[in-house]
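These are my notebook entries on a structure that I looked up part by part. I wrote down each term with its cut-offs where I first needed it.

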Amino acid sequence: MAKVTVSLDAELVVEAMVLAGVGSPQDAVELVVRDYIARGHRTEARLAARDDAPREVDARPKDVEG
């Protein structure tokens, strides 16, 4: 797999390391990016399932007022 080098603010990376519970800046950023991508896929799957589900239609006749 190809590698990319990115410069980030040190405070941002340290916070990501603390939140991810890892000691390596590379691992912390990789975990954050992988989590972000996985979350996006889960959201897409939920939306697709909701769109594919049959919709309930209220087929009862409405009461005539008058």
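Predicted model: local features only at pLDDT ≥ 70, side-chain atom pairs only at ≥ 80, totals over all residues.

**Entry 1, helix 1.** I began with the buried residues of helix 1 and noted Val13, Ala16 and Met17; buried means under 20% relative accessible area, exposed over 50%, and partly exposed in between, with a 1.4 Å probe and protein chains only. Seen down the axis of helix 1, its buried residues fall within an arc of 100°, so they line one face of the helix, where the arc is that of the directions from the helix axis to the C-beta atoms. On the face turned away from the buried side of helix 1, I found the exposed residues Glu11, Leu12, Glu15, Val18 and Leu19. Helices here are DSSP runs (H or I, at least four residues), as strands are (E, at least two), and they are numbered from the N terminus.

Residues are numbered from 1 along each chain as its sequence is written, and side-chain values use heavy atoms, with hydrogens and water left out.

I counted two helices and zero strands in the protein chain. Of its 66 residues, 6% are buried.

Leu12 belongs to helix 1, which covers residues 10-20, and I list Leu12 as exposed because its relative accessibility is 52%. Together with Val4, Val6 and Leu8, Leu12 makes a nonpolar surface patch of about 420 Å². Patches are made of residues with over 30% relative accessible area and no salt bridge, with like charges joined within 9 Å and nonpolar side chains (Val, Leu, Ile, Met, Phe, Trp, Tyr) within 5 Å. The areas come from the Shrake-Rupley method with a 1.4 Å probe, and for residues only the protein chains shown count as cover.

How many salt bridges does the structure hold? I found two, a salt bridge being a side-chain nitrogen of Lys or Arg within 4 Å of a carboxyl oxygen of Asp or Glu. Side chains of opposite charge can pair when their charged atoms come close. Arg34 pairs with Glu30, their closest N and O atoms being 3.0 Å apart, and both lie in helix 2 (residues 25-52), four residues apart, about one turn of the helix. Arg34 counts as exposed because its relative accessibility is 51%, whereas Glu30, at 33%, counts as partly exposed. The other pair I noted is Arg39 with Asp35, at 3.1 Å from N to O; these two also lie in helix 2, four residues apart. Arg39 is partly exposed at 49% relative accessibility, and Asp35 is partly exposed at 37%.

At 1.5 Å a residue, the 28 residues of helix 2 should span 40 Å, and the end C-alpha atoms are 41 Å apart, which agrees; the expected span is 1.5 Å times one less than the number of residues.
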